[in-house]
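Biologist: I would like a close look at one part: the charged side chains that pair up. Please take me through them in short steps.

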Amino acid sequence: MFGAHKPLAYDDSGHHSRGVSNRPEANVLRRVSMIRWSQQCIPTLKESPQDAEIPSHQLMLRAGLIRKLAGGLYTFLPMGLRALRNVERVVREEMDRAGALEILMPALHPRDIWDRTGRYDVLSDVMFKIKDRQQRELVLGPTHEEIVTDLVAREISSYRQLPKNFYQIQTKFRDEIRPRFGLMRAKEFIMKDAYSFDVSSEVADVSYQAMYDAYVRIFSRCGLRTKIVEADTGAMGGQSSHEFMVLADSGEDGIVECESCSYAANLERAETGDMPPLVFDDADKTLEVVDTPNARTIAEVAAFFDTTPAQMVKTLVYIADDQPVVVLLPGDRDVNEIKLARVLGASELNMADDAQVGKITGAPTGFAGPVGLKNVRLIADRKLAGCCGAITGANEVDKHLIHFDLARDVGDVELADLSFAREGDPCPRCGETLHEKRGIEVGHVFKLGTKYSEKLGALYLDESGKQHPAVMGCYGIGVTRTLQAIIEQRHDEHGIIWPASVAPYPVEILVISAKHEPSVALAEKLAIELEAIGIQVLIDDRDERPGFKFKDADLLGLPVRISVGEKSLARGVVEVKSRATGEMTEHAPEAVLEVVQALVEEAV
RNA sequence: CGGGGCGUAGCGCAGUCUGGUAGCGCGGUAGCUUUGGGAGCUAUAGGUCGGGGGUUCAAAUCCCUCCGCCCCGACCA
């Protein structure tokens with residue numbers, strides 16, 4: 001894979017084609033380009049700094065890739081930067097291949113443009129806001145929809161100029177509520193963001209698919225196993241979206257996937273298939289009020305009746321855009337407020353406070369129930385359809401109702417999917433079992449529609465001279481997050497296991513003893529030969545004990561390690577070890593080049 | 001912002017409860033020995049104990065206050 005994207009072509013004269021000739025001064029340049037550990041800055045750490053929690057964060061610090069300036073702000077050291085640039089290179093190559101056009105937009109934006117779409121308020125909490133010397137208000141860009149759309153509004157006027165897809169690889173700034181896990185969630189991070197503009201929704205789908213396909217290639221080339229899930233569009237707006245998730249226990253996002261079909265979704269969006277009605281006893285038992293002193297929470301009431309929370313009907317009071325709404329759920333389920341807000345069409349949604357609950361239900365918080373409520377919108381989770389024999393609040397202090405039957409006691413209720421899917425639920429597509437996983441969101445593709453193009457005037461003229469807003473898509477990859485996700489997914493107890501595509505260097509030559517002249521000479525010779533065929537090498541030439549250098553080699557995790565030492569040299573061989581497989585082989589120095597080249601090409 | 005924890009040498013930590021001249025390991029520097037999986041010995045440098053205020057004869061230790069960092073929850077690439 002590595003070789004495939006970085007051709008090692010020679011021209012007819014047999015000279016290396018990458019701008020290096022056989023003139024003597026060129027050899028000098030090559031020698032200078034040989035990277036010696038002793039002259040690099042690779043500050044490895046034996047122990048893990050105490051403020052790093054997850055493996056990838058610890059390893060980035062320990063392997064000397066990054067250092068922290070402050071919470072959510074990191075410096076990339078040489079090895080970290082090289083790996084970062086490699087991720088960027090993969091992204092750039094695939095974006096270019098997909099026909100996207102690279103541009104670079106400012107990180108500083110005038111406030112005005114954010115006001116024009118109303119997102120100054122929507123994203124107010126995450127934006128860093130500053131003023132210049134004239135007291136003009138500026139923000140540090142958390143994303144760039146407004147900026148590209150403004151560009152397109154100015155530059156594109158005809159259907160003949162479409163489709164277009166602009167992308168950039170640039171630093172974003174977000175005042176994160178809680179920066180976390182090193183580069184995973186930082187206040188300043190590098191993102192590849194792309195924006196497509198099309199003449200119609202149908203063609204926009206083609207652009208969307210092209211990005212989706214490019215993302216599959218990008219993450220695969222980065223050596224990542226990703227899970228693609230259906231996602232909510234959130235503050236971005238728009239119709240549909242997919243997230244590219246790296247499965248990891250430390251992931252901040254919950255997802256569910258079906259064990260049988262291809263269904264997978266972010267928990268925010270995941271649906272649940274039909275489940276059998278919740279029937280707990282005979283339907284003919286009549287509703288009964290029971291004293292339940294001091295039992296308010298679901299757990300307390302369930303304990304009081306010696307049953308499980310599943311038999312409860314949870315009654316929650318919300319205020320949606322100033323209107324009260326009563327929400328019913330199975331007692332062992334949590335509301336998914338994103339789903340709820342969507343169903344209600346509400347832009348603001350808050351739990352009612354105790355006073356509001358008292359006013360609406362006539363009872364203190366903890367005893368709310370659906371029976372007898374008047375003048376309030378009632379909405380129930382779909383899983384409650386046909387529910388009977390349940391227990392719920394009686395809207396009176398210290399009282400609950402038993403033998404509750406939703407249809408009988410409340411009548412026709414609005415039903416909707418309002419709860420979070422969870423482990424063991426049936427798949428909405430095929431009915432088989434859903435499993436819950438954790439994931440790191442490394443990429444996100446959205447179909448945006450015309451929200452931004454309308455507000456910012458990104459209009460084009462069609463064949464008949466009629467004006468239309470361009471149909472947009474937007475596509476993000478967290479580049480710095482992807483880098484860390486690679487480490488999170490590819491490490492062992494000794495250190496990082498880089499894919500060759502991203503590794504700071506594909507090969508390390510470890511000189512067992514820096515004082516053994518023949519070893520040093522051979523190591524340098526091999527390095528020069530490898531560089532001549534386009535494989536860059538890091539030589540560990542430090543005058544350290546071998547064990548020390550082996551540990552560092554495993555920590556840094558370059559894909560191929562060549563060890564040159566007196567003992568093996570006495571037998572006429574050097575050792576070649578693959579970091580990924582741990583497989584070690586011995587070869588005569590003349591044979592090493594070929595072996596290493598093959599290993600590097602494999603080591604994705 | 002709510003809840004929990006931490007801040008002592010470059011890194012990892014002890015010392016704080018019970019106030020009395022600031023320690024350990026790793027790392028750094030110099031030397032000798034050692035050299036195939038984070039070496040040994042010797043010498044040596046390095047700390048306003050996060051900042052400020054207070055109590056006290058005396059504060060890393062007790063009190064007040066501010067700051068920073070980490071973890072759990074609400075947001076996102």
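How many salt bridges does the count come to?

Modeller: The count comes to 41 salt bridges. A salt bridge here is a side-chain nitrogen of Lys or Arg within 4 Å of a carboxyl oxygen of Asp or Glu. Two notes before the details. This is a predicted model, in which local features need pLDDT of at least 70 and side-chain atom pairs count only at pLDDT 80 or more, while totals for chains, interfaces and linings use all residues. Residues are numbered from 1 along each chain as its sequence is written, chains are lettered from A and ligands numbered from 1 in the order in which they are written, and side-chain values use heavy atoms, without hydrogens and water.

Start with D51 and K68. Their closest N and O atoms are 2.7 Å apart. D51 lies in the loop between strand 1 (35-36) and helix 3 (55-62), and K68 lies in strand 2 (residues 66-70), so the pair ties together parts that are 17 residues apart in sequence. Helices (H or I, at least four residues) and strands (E, at least two) are DSSP runs, numbered from the N terminus. Buried means under 20% relative accessible area, exposed over 50%, and partly exposed in between (1.4 Å probe, protein chains only).

Next comes R185 with E176. This salt bridge has its closest N and O atoms 2.9 Å apart. R185 has a relative accessible area of 22%, so R185 is partly exposed. E176 has 17%, so E176 is buried.

Now turn to D417 and K339. Their side chains meet in a salt bridge at 3.0 Å, N to O. Which parts of the chain does this pair tie together? D417 lies in the loop between strand 21 (414-416) and strand 22 (434-449), and K339 in helix 10 (residues 337-344), so the pair joins parts that are 78 residues apart in sequence. Both D417 and K339 are buried.

Salt bridges can also share partners. In this way R89, E93, E94, R97, R217 and R221 are joined into one network.

Charges also sit over rings. The rule is NZ of Lys or CZ of Arg within 6 Å of the ring centre and within 35 degrees of the ring normal. R111 lies over the face of Y120, 3.7 Å from the ring centre. R180 lies over the face of F181, at 5.9 Å from the ring centre.
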